[in-house]
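Here is a short briefing on a protein model.

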Amino acid sequence: MIKLEKIGKAYKADREWIPVLKNVELEVNQGDFLAIMGPSGSGKSTLLNLIGFVDRNYDGNYFLEGNIVTSKNDADLSKLRNQRVGFVFQQFNLIETLTIEENVELPLLYDGWNYRQTKDKVTELLEKLGIGDKGKKMPKQLSGGQQQRAAIARAIINDPDFILADEPTGALDTHTSRDIMNIFKQLNEEEGVTIILVTHDPKTVEYCNRVVRMQDGVLTEEVR
Amino acid sequence: MSPLVFFKGAWNALLKNKKRSFLTMIGIVIGIAAVSTIMSIGRGFENYVLESLNPDEGELLTVDIQFQADDTDWMFETNEDFFSDNDLRMIESVTGVQSVEILSMNSEYASFDTMIDGKENYIDASLIEDSGRTVIAGRSLDFIDNEKENRVMVAPYSLVESQYETEEAAIGKGLSLGDQLYTIVGIYEGDDDASGILAGFLPQEIEIPKNSYNRYHEEDTIEDQISITVARGSLPSDVAEESIALLEEEGSMNDRGIYTHFDMSALDDGLSQVLRGITLFIASVAGISLFIAGIGVMNMMYISVSERTKEIGIRRALGASQKSIRAQFVLEGVMMTSIGGILGYLFGWLFSSIASFFLPFSTGLDLLTILVSIGVSALVGLIFSYAPANAASKKEIIDII
């Protein structure tokens, strides 16, 4: 589904180019639960932004379902972000001035839905993720685990091709982490959602079926 | 995104910062209140003038437009029409014009140069359609003279006393008017004044049949005026000005001279002078206030953008394009100033209602004022929130998340 060819990226600092990604080659298939591991500063977040159509300044080719996305404009990339990918962040990144329901329905609204159409879908999804009674609450009134569930709901409401999760359990305790990882596992196994997980927590890697390691901008796949 | 979603989003964002939004709005409210007050009063005054100049009952008003050639000699010699049929049709299409006609000048009077006893005299002639004045010798003019276009005249004795010793002696004699010879058929006694010390200065008035004049002297008349009948509800001065503008643009004689009209409107009296002063003052207050308010809006929008940097990043990650981020912030600015505009209009309405107690006319709700109030305030919002909104849309998502 995703194919990265010879991806390279460098930052300019003090008139010197510092490489972050070096010749990265990666293929992600439908149904994969892929973990990207590596220490901080290894370039894994940069890679994630690139895969998530956020970053457009890189060398090499990025194919999505055989179509090149490398040179698309902002409007097209925004559309891809909206329809093809769901983001889950370490700090949840819910918009604090909106209720949980309003947060979850945002991707649908940017996809051109109107309020009447979104309501049922949002309620159903919150129900499924076990926070059906929290729809009218503000993000701050919820615990970390509940907020992350809401964030996951927001990530999958547009039925994306894949989910990008950037250390989704980094801000949660062990017990809640396990719950959240089980939700991902369930989505992956029961609904075939492709998940790309950035983490440096070995415990969460156990849920994945593929692991790649990032070290100084070089990507290597771990054979299991 | 559907428009409703945008509106709700902008509305929520404003509500989140009620106090700040309200304070920013005050400048707009003052500015628009000033604008709408002065507009309401102005419109009230205009209606008042209209009402007094063109009441609902009675005869319709007319305005006259005169053509004045740069070359006056040419004007007297030419046979060309100063107002063509095209000109008239053009003016008929002006709003507020009921009808247009060419004014035949001197329809009741005519004037001639004539030689009497070797001296050049300037005389006025009344054009008579039926019976003329009573005479002391000969006969009066009657309608038959008019019907038959007889070249006959009745003259005061004072005009001819230097040539003929008695009144009777003058009867049957000829007198040339212009290049036509007329027969004197009657003599009347001149006014007392005419034989007094002013006699030499006063024009002598004779009588000739109207049709004779039209038949033999038609080419001498100068049809340099048209009369426009103004429809009810229109200001004569507006109609005249618009017609003149049209004539100067496309009139058949526009390269030969100028068109003028006598301004009979009361717009130049004291009340309007005072109002004009007040208008100027309030307009400048409004302008300055709106400008400062605009800067305030801009300031607030920049603060709002930087406070919501994270929100912008999240929205972008969820699929908001640069365009929709920009639209969201612009709409917030426009919505805020528009609300300010509506409040300002309501205040303006209140002020002008109070003002109308002290003025001889009333002010009221007026669609144009409402549209201008809301339009101007929305425009201020658009202009001053565009730059902050654009800055918001240009934020790099990578830096934000």
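Pockets and cavities are found on a 1 Å grid over the protein atoms alone: a cavity is a set of points where a 1.4 Å probe fits but cannot get out, a pocket is an open set with protein on both sides within 12 Å along at least five of seven lines, and lining residues have an atom within 4 Å of a point. This is a predicted model, in which local features need pLDDT of at least 70 and side-chain atom pairs count only at pLDDT 80 or more, while totals for chains, interfaces and linings use all residues. Residues are numbered from 1 along each chain as its sequence is written, chains are lettered from A in the order in which they are written, and side-chain values use heavy atoms, without hydrogens and water.

**Largest pocket**
- The largest pocket holds about 520 Å³ of space; a volume is the space filled by probe spheres set on grid points, which are joined across faces, edges and corners.
- Its lining has 29 residues, with A:Ile95, A:Thr97, A:Leu98, B:Glu311 and B:Arg315 nearest the centre.
- H1(B) contributes the most to this lining, with seven residues. Helices (H or I, at least four residues) and strands (E, at least two) are DSSP runs, numbered from the N terminus.

**Cavities**
- There are three cavities of 30 Å³ or more.
- The largest cavity has about 70 Å³ of space.
- Residues from both chains line the largest cavity, among them A:Arg81, A:Phe87, A:Asn158, B:Ala317 and B:Leu318.
- S6(A) gives the most to that lining, with three residues.

**Nonpolar patch**
- A nonpolar surface patch of about 1,200 Å² includes B:Leu346, B:Trp349 and B:Phe358.
- Patch residues have over 30% relative accessible area and no salt bridge; nonpolar side chains (Val, Leu, Ile, Met, Phe, Trp, Tyr) are joined within 5 Å, and like charges within 9 Å.
- A salt bridge is a side-chain nitrogen of Lys or Arg within 4 Å of a carboxyl oxygen of Asp or Glu.
- Areas come from the Shrake-Rupley method with a 1.4 Å probe; for residues, only the protein chains shown count as cover.
- Helix H13 (residues 322-356) of chain B gives the most to the patch, with eight residues.

**Positive phi**
- A:Lys6 is not a glycine, yet has a positive phi of about 50 degrees. A:Lys6 lies in strand S1 (residues 2-13) of chain A.
- A:Asn93, also not a glycine, has a positive phi of about 50 degrees. A:Asn93 sits in the loop between S6 and H3 of chain A.
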